[in-house]
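I opened my notebook to look up charged pairs and surface patches. The entries follow in the order I made them.

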Amino acid sequence: MQFGRYFEEFEVGAVYKHWPGKTVTEYDDHLFCLLTMNHHPLHLDAHYAGETTDFGKNVVVGNYIYSLLLGMSVPDVSGKAIANLEIESLRHVKPTFHGDTIYGETEVLEKTPSKSKDDRGVVYVETRGYKQDGTIVCIFRRKVLVPKQSYGEVRGGEQPGRPVPHE
């Protein structure tokens, strides 16, 4: 199974559909809020959300959805990355609620060979996240520093650092 891509394997215009999706639970949302110290009642207090907001229920914290999509994209986009260089933009387009299932896809917008080192390049991508009904909820663009195949071969190939079993 491939994990990430080398620079040569990216094609401008390609769209990678990340699989599987993830159903967001109340537990996921609350744990992420508590881990990140986001105690806004819109995310944690069902009574508050139901009585005082236009949504009428808790809204999943947007940074969890972004993080989820970023993680979903790793096997297809950044699994071999040297570094994530930049998040250029991040838009939370529509709300996500407990019980929604998030799916993601990433489109390659551009690729540029490195000017300083010939064994890598920068891949510019847009990731879109959407719910089970197709409604887009989150869009972000980023630049990823990705190795060329020559870089990978020097460092151990497809599974660098993997030990050889012995008795």
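**Entry 1: Arg128 and its partners**

I started with Arg128, which forms a salt bridge with Glu126; their closest N and O atoms are 2.7 Å apart. The model I am reading is a predicted one.

I then checked how covered each side is. Glu126 has 12% relative accessibility and counts as buried. Arg128 also stands at 12% relative accessibility, so I noted Arg128 as buried. The cut-off for buried is under 20%.

I looked for another partner of Arg128. I found Glu107, in a salt bridge with Arg128 whose closest N and O atoms are 3.3 Å apart. This pair links distant parts of the chain: Arg128 lies in strand β4 and Glu107 in strand β3, 21 residues apart. Is Glu107 buried or partly exposed? I read 24% relative accessibility for Glu107, so Glu107 counts as partly exposed.

**Entry 2: The network**

Which residues are linked with Arg128 in a network of salt bridges? I listed Lys17, Glu105, Glu107, Glu126, Arg128 and Arg141. Both partners from my opening entry, Glu107 and Glu126, are in that list.

**Entry 3: Lys131 and Asp100**

Next I turned to Lys131. Lys131 forms a salt bridge with Asp100, with 3.3 Å between the closest N and O atoms. I placed both on the chain, and the pair links distant parts of it. Lys131 sits in strand β4, residues 120–131. Asp100 sits in the loop between β2 (83–92) and β3 (101–113). The two are 31 residues apart.

I asked how covered they are. Lys131 is at 10% relative accessibility, and therefore counts as buried. Asp100 is at 9% relative accessibility, so Asp100 counts as buried too.

**Entry 4: The tally**

How many salt bridges does the count come to? I wrote down eight. Among them are Lys131 with Asp100, Arg128 with Glu107 and Arg128 with Glu126.

**Entry 5: A nonpolar patch**

I left the charges and looked at the surface. Tyr27, Leu31 and Leu35 make a nonpolar surface patch of about 360 Å². I found Tyr27 in helix α1, which covers residues 26–35. Is Tyr27 buried or exposed? I read 59% relative accessibility, so Tyr27 counts as exposed. The cut-off for exposed is over 50%.

Conventions
Residues numbered from 1 in each chain as written. Predicted model: local features only at pLDDT ≥ 70, side-chain atom pairs only at ≥ 80, totals over all residues. Heavy atoms only, no water. Salt bridge = Lys/Arg side-chain N within 4 Å of Asp/Glu carboxyl O. Helix = DSSP H or I, 4+ residues; strand = E, 2+ residues; numbered from the N terminus. Buried < 20%, exposed > 50% of the residue type's maximum accessible area, 1.4 Å probe, protein only. Patch = residues over 30% accessible without salt bridge, like charges linked within 9 Å, V, L, I, M, F, W, Y side chains within 5 Å. Areas by Shrake-Rupley, 256 points an atom, 1.4 Å probe, with all protein chains shown as cover.
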